[in-house]
Amino acid sequence: MVKTSKARRPVQPAVQAIQLLGQWNRIAGGHVALAAGCSCGVAVPNVRVQDFEEQILDFLHGRHGGSWKSIADLLGAIARGSEAAGPAILQDLQRTLESFEQQHSGR
């Protein structure tokens, strides 16, 4: 019997957008680790990942154009196929969300 290797098909932008939306929803309410530790502490103001949404969108807008009102709006447009720069935006957004997850998890 001859084994054939199945090449892994690349994830479609619509699928990746939905996956990133789930990731964003999961981490958006989390707290950001600051220099003195997690902002969950009493002495430090409460800083959530979601509080950075506007800055994330400004960064993506500067690199790719667009005028999204929220990350959910952006990812919805990519999932519907109405965002031409979708794959490049998804790469930048994925790196950004992974960075926030690493900060929060202490990895």
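## Elements along the chain

Helices (H or I, at least four residues) and strands (E, at least two) are taken here as DSSP runs, numbered from the N terminus. With that in hand, let's walk through this predicted model. The protein chain holds four helices and two strands. Starting at the N terminus, their order is α-β-β-α-α-α.

## Burial, contacts and surface

How much of the protein chain is buried? Of its 107 residues, 31% are buried. Among contacts in the protein chain with a separation of 6 or more, 47% join residues 24 or more positions apart.

## A closer look at helix H2

Helix H2 covers residues 53-64. Its 12 residues, at 1.5 Å a residue, should span 16 Å, and the end C-alpha atoms do lie 16 Å apart, so expectation and model agree.

Which residues of H2 are buried? They are Glu 53, Ile 56, Leu 57 and Leu 60. These four cover an arc of only 95° around the axis, which means that they sit on the same side of H2.

On the face of H2 turned away from the buried side, you will find the exposed residues Glu 54 and Gly 62.

## Just past the helix

Note on methods
Residues are numbered from 1 along each chain as its sequence is written. This is a predicted model: local features need pLDDT of at least 70, side-chain atom pairs count only at pLDDT 80 or more; totals for chains, interfaces and linings use all residues. Side-chain values use heavy atoms; hydrogens and water are left out. Buried means under 20% relative accessible area, exposed over 50%, partly exposed in between (1.4 Å probe, protein chains only). Contact means heavy atoms within 4.5 Å. The expected span of a helix is 1.5 Å times one less than its number of residues. The arc is that of the directions from the helix axis to the C-beta atoms.
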